[in-house]
Amino acid sequence: HPVRVPQPAPATQPKEVKPDSVIVDMGLDRSLRLNDQPITLGELEKTLTEVFRRRAVKNLFIRGDGALSYGDVFVLLDVARRSGASDIALLEQKKRE
C-alpha cells in the first residue's frame, strides 16, 4: 500500500488573519505596534501575557518589513514565547503605495 503524505500548503497562500487576532508589527525603525496601537518592547511582554492569560487560543502574528534583520524579529519571537503564545506566524508587511 502506498503511503500518503500530506502536501504542504502553497507558499503563496496567505495565513488568514481573523479580526480578533493578536498582531505585533515591527517597522524598519524597530518601532512596535500591537494591533495598530504603539507599544514599547518593555510593555509588550506584560501586555501579551495578560492577553494570552484570558484566551484559549494563543495565536500571535508577527509582521515586519522583509529588510529587518533576523535578530530583530527573534527578539519578538522570544517575547511571544515567554508571554504564552503557542502558535506564532510570521508575516511580511505589505508595501505601502
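A residue counts as buried when its relative accessible area is under 20%, as exposed when that value is over 50%, and as partly exposed in between. Keep that handy as you click through this predicted model.

Our theme is charge: side chains of opposite charge can pair when their charged atoms come close. With a salt bridge taken as a Lys or Arg side-chain nitrogen within 4 Å of an Asp or Glu carboxyl oxygen, the count here is five.

**Stop 1: Asp72 and Arg30.** Select these two and show their side chains. They meet in a salt bridge, with 3.0 Å from N to O. Asp72 sits in helix α2 (residues 70-82) and Arg30 in the loop between β1 (23-26) and β2 (32-34), so this pair ties together parts that are 42 residues apart in sequence. Is Asp72 buried or exposed? Its relative accessibility is 14%, so by the under-20% cut-off Asp72 is buried. Arg30, at 49%, is partly exposed.

**Stop 2: Glu45 and Arg82.** Now select Glu45 and Arg82, which form a salt bridge whose closest N and O atoms are 2.7 Å apart. Here too, distant parts of the chain are linked: Glu45 is in helix α1 (residues 41-53) and Arg82 in helix α2, 37 residues apart. Glu45 is partly exposed at 24%, and so is Arg82 at 48%.

**Stop 3: Glu50 and Arg53.** Finish in helix α1, where both of these residues lie, three residues apart, or about one turn of the helix. Glu50 is partly exposed at 36%, while Arg53 is exposed at 59%.

Terms used. Residues are numbered from 1 along each chain as its sequence is written. This is a predicted model: local features need pLDDT of at least 70, side-chain atom pairs count only at pLDDT 80 or more; totals for chains, interfaces and linings use all residues. Side-chain values use heavy atoms; hydrogens and water are left out. Helices (H or I, at least four residues) and strands (E, at least two) are DSSP runs, numbered from the N terminus. Buried means under 20% relative accessible area, exposed over 50%, partly exposed in between (1.4 Å probe, protein chains only).
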